[in-house]
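User: I'd like to learn how to read a structure feature by feature. Could you walk me through one?

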Amino acid sequence: MVQARKFGAAFSIPGEATSLTEADGYHVVGLADGGSLVAHAVLVATGVRYRRLDVPGLDRLERSSVYYAATEFEARLCRQDPVTVVGGGNSAGQAACFLARRSPVVNLVIRHDDLGRDMSRYLADRVEQSPRITVWRDSEVRELIGEEGFEEVLLHQLQSDDEQRVATRALFMLIGAAPHTAWLQGELPLDPKGFILTGPAADGSDGMFGTRRRGVFAVGDVRSGSVKRVASAVGEGSVAIRQVHEFLEAEGRR
Ligand SMILES: Cc1cc2nc3c(=O)[nH]c(=O)nc-3n(C[C@H](O)[C@H](O)[C@H](O)COP(=O)(O)OP(=O)(O)OC[C@H]3O[C@@H](n4cnc5c(N)ncnc54)[C@H](O)[C@@H]3O)c2cc1C
């Protein structure tokens with residue numbers, strides 16, 4: 001931020017973009033306070049909102065025992081305790097396999113009965129072949145139980161309507177993310193999940209991070225197909241700024 005200020009960047013904090021329109025060849029970003037910003041170029045980096053389950057016990061245990069990513073750091077915190085992963089996509093499958101290297105009991109909870117529906121086949125096979133992973137099909141989490149620490153997760157079997165308490169010390173919530181693009185609906189081409197299309201996928205002519213609209217770029221988690229990691233978001237941002245400069249030069253706007 002200090003560096004950006006040195007180069008003359010102006011900050012608007014708090015500030016929420018609510019619309020993106022065009023006027024007289026400029027891009028106009030509407031703001032929640034009623035104001036607007038007029039620019040030759042716009043770089044969208046509004047990220048995503050990770051989905052949470054709305055279940056009893058989550059608020060109480062979220063800070064100590066609920067995770068939204070499964071890296072070496074979280075795996076170490078879980079030691080060899082039983083853990084539960086919620087989600088049926090590749091992130092959940094990868095997390096289950098990764099956690100099973102350390103924990104002998106990994107529960108994977110999916111709301112349907114076909115593990116290969118939303119997960120790559122090779123990954124679904126690895127999950128099914130792991131003696132350490134139990135797949136709870138047609139099931140959902142109904143409650144997180146534990147006062148001092150996380151003790152059990154209450155699972156609801158959707159077909160039989162049965163409930164079962166399963167011992168667990170940590171919950172990994174990998175149920176997807178919703179991009180912050182509601183304010184761009186109808187203005188930029190988005191993929192079916194609402195992420196911004198850029199580069200060849202958008203038929204854009206402003207390089208890899210350009211959208212279909214000339215002079216509007218997108219980077220980081222909000223971009224369709226991006227790697228959802230800090231380092232990649234930062235890297236995309238710095239490369240995109242170069243593309244912004246190239247665009248401005250090509251348009252004779254520098
Ligand atoms: C719990 C958790 C743990 C993670 N752990 C890791 C990790 O260990 N390593 C790793 O590499 N990555 C991790 N990630 C992912 C990492 O945080 C993201 O990949 C990275 O922050 C993406 O950067 P970004 O700039 O694209 O978006 P963000 O960092 O999400 O920033 C987007 C910003 O835009 C703001 N915004 C949204 N809409 C608007 C709007 N309309 N107007 C104005 N502002 C708006 C948001 O409030 C936010 O401040 C983790 C994510 C989560 C949720």
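User: Let's start with V55. Which residues does V55 touch, leaving aside those up to four places away in sequence?

Analyst: Keep in mind that this is a predicted model. Not counting residues up to four places away in sequence, V55 is in contact with V141, R142, E143 and L144. V55 itself sits in the loop between β5 (48-50) and α2 (58-65).

User: Is V55 buried or exposed?

Analyst: The cut-off for buried is under 20% relative accessible area. V55 has a relative accessible area of 15%, so V55 is buried. For a sense of distance, V55 and V230 are 175 residues apart in sequence and 29 Å apart in space, C-alpha to C-alpha.

User: How should I think about nonpolar cores, and which residues touch the most other members in the largest one?

Analyst: The general idea is that in soluble globular proteins, nonpolar side chains tend to be buried together. Here the largest nonpolar core has 25 residues, and V85, V106, L108, L115, V127, I133 and F172 touch the most other members. At least two residues of this core come from each of α3 (72-78), β7 (83-86), α4, β8 (106-109), α5, β9 (133-136) and β13 (170-173). The largest share, 7 residues, is supplied by α4. There is also another core of 16 residues lying apart from this one, with L53, V141, F150 and L171 among its members.

User: What does I133 touch?

Analyst: Leaving out residues up to four places away in sequence, I133 touches A96, C97, A100, V106, L108 and V127.

User: Back to α4, then. How many of its residues are buried, and what do they pack against?

Analyst: Helix α4 is mostly covered, with 8 of its 11 residues buried. These are A92, G93, A95, A96, C97, F98, L99 and A100. The buried residues of α4 pack against α3, β7, β8, α5, β9 and β13.

User: How do I describe the packing of α4 and α5?

Analyst: Two packed helices are described by the angle between their axes and the distance between the axes. For α4 (residues 90-100) and α5 (residues 121-129), the axes come within 10 Å and cross at roughly 35°. The crossing is left-handed. On the α4 side, N90, G93, Q94 and C97 meet Y122, L123, R126 and V127 of α5. The residues of this contact divide into 4 nonpolar, 3 polar and 1 charged.

User: How many aromatic pairs are there, if ring centres must lie within 6.5 Å?

Analyst: The count comes to 2 aromatic pairs. One of them involves F217 and F247: the ring centres are 6.3 Å apart and the planes stand at 70°, so this pair is edge-to-face. F217 belongs to strand β15 (residues 216-218) and F247 to helix α6 (residues 230-250), so the pair ties together parts that are 30 residues apart in sequence. Both F217 and F247 are buried.

User: Now the backbone. Which residues other than glycine have a positive phi?

Analyst: Two examples are worth a look. Phi of D24 is near 55°, and D24 is found in the loop between β1 and β2 (26-31). Phi of D161 is near 70°, and D161 is in the loop between β11 (152-157) and β12 (163-167). As for accessibility, D24 counts as exposed at 76%, and D161 is exposed at 54%.

User: Where is a cis peptide bond found?

Analyst: A cis peptide bond joins I13 and P14, with omega about -10°. P14 lies in the loop between α1 (2-6) and β1 (17-23).

User: One more loop, please: what does D81 touch?

Analyst: D81 is placed in the loop between α3 and β7. Not counting residues up to four places away in sequence, D81 touches S103, V105 and R169. D81 and E251 are 170 residues apart in sequence and 59 Å apart in space, C-alpha to C-alpha.

Technical notes: Residues numbered from 1 in each chain as written. Predicted model: local features only at pLDDT ≥ 70, side-chain atom pairs only at ≥ 80, totals over all residues. Heavy atoms only, no water. Axes fitted to C-alpha atoms, helices over the stretch in contact; angles between N-to-C directions. Helix = DSSP H or I, 4+ residues; strand = E, 2+ residues; numbered from the N terminus. Left-handed = near helix turned anticlockwise from the far one by under 90°. Contact = heavy atoms within 4.5 Å. Nonpolar A, V, L, I, M, F, W, Y, C, P; charged D, E, K, R; others polar. Phe/Tyr/Trp six-rings, centres within 6.5 Å; stacked < 30°, edge-to-face > 60°. Buried < 20%, exposed > 50% of the residue type's maximum accessible area, 1.4 Å probe, protein only. Core = buried A, V, L, I, M, F, W, Y, C linked by side-chain atoms within 4.5 Å.
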